[in-house]
Amino acid sequence: MKVIEIKDLRKTYNESEVKVHAVNGVTLDFEEGEFAAIVGPSGSGKTTLLNMVGGLDDPTSGEVFVGGTKMNELKGEALTDFRLNNIGFVFQSYNLIPVLTAKENTEFVMRLQGKSARDCDARTEELLKSVGLGERMNARPAKLSGGQQQRVAVARALASKPKFILADEPTANLDSTSTETLLDIMEKLNKEENITFVFSTHDARVVKKARRVITIEDGKIISDIRKNGGEKINN
Amino acid sequence: MKRITQMAWRNIWRNRKRTIITSASIFFAIFFAIVMRSFQLGTYDHMIHQSIETYTGFLQLQSPDYFDEPGLDNSFEYSDELLNSINNHPEVKIAVPRVESFALASIGVKSKGIMVNGIDVEKEARLSDPERNLVRYRFDSKIMDEVYKILGLTEDEIDNLKIYENASFNSLNKISLNCGIDDQEILEKIGKITAFEGSYLKENDDGILVSDRLSKFMQLEIGDTLVLMGTGYHGSTAAGLFPVRGIVKIPSPELDNKLVYMSLTRAQEFYGMENMLTTLAINLHDNSEMLVVQKSLSSNLDNNKYVVKNWEEFNPILKQTIEGDSVGGVVFIVILYVIVFFGIFGTVLMMIAERKREFGVLNAIGMKKRLLMYVVIIEMVFIGALGAITGMIASSPLVYLGNKFPIQLSGETAKMYEEMGYEAVMPMASFDPYFWWQAVIVVLMVIGASFFPLKSIRKLKLMKALRA
Ligand SMILES: Nc1ncnc2c1ncn2[C@@H]1O[C@H](COP(=O)(O)OP(=O)(O)OP(=O)(O)O)[C@@H](O)[C@H]1O
Ligand SMILES: [Mg+2]
């Protein structure tokens, strides 16, 4: 089943004299359960692409469908609600609400969805345990390491039961051990619970873990490689 | 919703100093506004009590022409029926008949224009109660040396007593307050030395009570006979001899210079206007109902014969004095609040500006802007309520005590107050609407100050915010 369909997506910035085609005609699908990395040099358009896929930014042209819904047509609160119920986000940093504990942060999106505190309780605990933070549920972000914070962010992204999780360079601010741990957790969740992850990265170790690697340059896809059980398929 | 409130509460403590400073500025503003306003309103109430409730009455029934041309010729006939019809109004506490006019007083070679107030001796006790004002002690300079010799008086007390040389008092308590003497024994000794005879009028008395300053000017003693002359009803000549029964001390120096009380019957006889009155003075159970009662009384009367006026009409000077002073106080409070307003404004601006990125993340993960704005408003309400509630709590004992036990001035200040016609007290108003209004003002200020800054959340550009 296709979770995300991207059709001839473009984003052009006119801010200076020269036009910048940050995303320049990307057509791409993601299936349920994918674990895909978007790679490319700095300025190649990874963030711009992910933001449009996540409904955070408007494309100049082209279409994004999430679970069959054409996201470009949503505006304002409808779009906010759509993101809440369909997409999980993990940002590079400052993901968490500083005044809420790990548990409260995780729970937060569920509360926004209108779920009762009791419903949230069990799920948040389970999620935090699965990201290895069962012991630190009541700590506020400031008391957590960067890697732990990113794991809470993953737990939060999952809490709302989204169709997929977008992560723009989730490991960019992490040391190698934390990167490893975070990746292992994401991989486990992906394998065991069939959760779709799409993330961008610069990090070779992260790329290695991905089962699909999409390389973009100057806003265009230059390769899209699926690794199946170590096999590389070039399409 | 609980989570949102909890979040807001925790958010305001992220910058503890700023929250405390903002709340403190609200605290001080509200504290000073309440205390100042309480003193002001308390003083106005007191002024009204002193010159309206215990002298002219809140309402007066008059003959229609009397208001523009006060004089005996514009008097009206007094009947029990009329008096009862007024007194039977459920909102009327008491109505008393009066004949008010002027005369020339003389004794020996001294003479002076005076005001005559002809009163029903018994009924008047329930309105102006002249007996209460009777001078019972007088610090005659001739006898004061004896007072200063009383053992146990301190230097300060003697100094205070000296300030009041030649002053008159209604009670030992008043001497105690004005001169700052607490020792009951000493007070009684002072009382014995300075006691002043004199009595209140009897029913149909043909004597008079003379106001304190007037008595001093005319050098009157109890038992002296004052000659009064004037124009009576319809131009007749009024003349008579009046023995002085007592001296009364009237708070208003103006009146104290020229007032003479006599019994109603004696006044009617003197002016040749049997059974006629110039006014019925009326007091009410609930003074805030004055205008309503005025209307309802008027509607029950034959308006060709009688009109009912309220004190603001027959004493516009007092009304203007109060209003003028009140405006000054309000301006001060407004300035205070404007300053605080900008403090709050700055706080909201900063609170929002420094959290752009956070708001961006929250919006990205699915929190509506409306909810973001709501969080900020709750944060501001918390800060405002913190200042307002603590300010109200801190000021309420002051208001309570200042109202129950008004500050009594003594010595020089007290004398100055009294010479201006004010009683030497600084009462505070009770927990009237002004008190609760301060809280309303703070809430409005908080909302007003948040209005423009909140717009920036509504217009938040998600991509810009995320990059912030
Ligand atoms: N708001 C903007 N205004 C103008 N140009 C922009 C804007 N945002 C991005 N760009 C340009 O678009 C291009 C793509 O940027 P983008 O941030 O998507 O790259 P990226 O692949 O995420 O880079 P990095 O690896 O450094 O994060 C760059 O040339 C960048 O300068
Ligand atoms: Mg980027």
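A salt bridge is here a side-chain nitrogen of Lys or Arg within 4 Å of a carboxyl oxygen of Asp or Glu. The legends below describe a predicted model, in which local features need pLDDT of at least 70 and side-chain atom pairs count only at pLDDT 80 or more, while totals for chains, interfaces and linings use all residues. Residues are numbered from 1 along each chain as its sequence is written, chains are lettered from A and ligands numbered from 1 in the order in which they are written, and side-chain values use heavy atoms, with hydrogens and water left out.

**View 1. Salt bridges between chain B and chain A.** Arg10(B) forms a salt bridge with Glu104(A), where the closest N and O atoms are 2.6 Å apart. This second pair runs from helix α1 of chain B to helix α3 (residues 102–112) of chain A; helices (H or I, at least four residues) and strands (E, at least two) are DSSP runs, numbered from the N terminus. Side chains of opposite charge can pair when their charged atoms come close.

**View 2. The contact between chain B and chain A.** With contact taken as heavy atoms within 4.5 Å, 21 residues of chain B and 25 residues of chain A take part. About 2,200 Å² is buried between the two chains, and carbon and sulfur atoms give 61% of this area. Arg3(B), Arg10(B) and Ile365(B) supply 31% of the area that chain B buries against chain A, more than any other three residues. Buried area is the accessible area (1.4 Å probe) that two parts lose on being put together, summed over both.

**View 3. Elements on the side of chain B that touches chain A.** Eight residue pairs are in polar contact across the interface, both residues being at pLDDT 80 or more. A polar contact is a pair of N or O atoms within 3.5 Å; within protein, one must be able to donate a hydrogen and the other to accept it, and residues adjacent in sequence count only if both atoms are side-chain atoms. On chain B, α1 (2–12), α15 (356–364), α16 (369–404) and α19 (462–467) each supply at least two residues of the side that touches chain A. The most, six residues, come from α15(B).

**View 4. Ligand 1 and its surroundings.** Ligand 1 lies between chains A and B. It is surrounded by 15 residues (a heavy atom within 4 Å), the closest being Ser42(A), Gly43(A), Lys46(A), Thr47(A) and Thr48(A). A polar side-chain atom of Lys46(A) is 2.7 Å from an oxygen atom of the ligand. For His202(A), a polar side-chain atom lies 3.2 Å from a ligand oxygen atom. α1(A) gives the most to the shell, with three residues.
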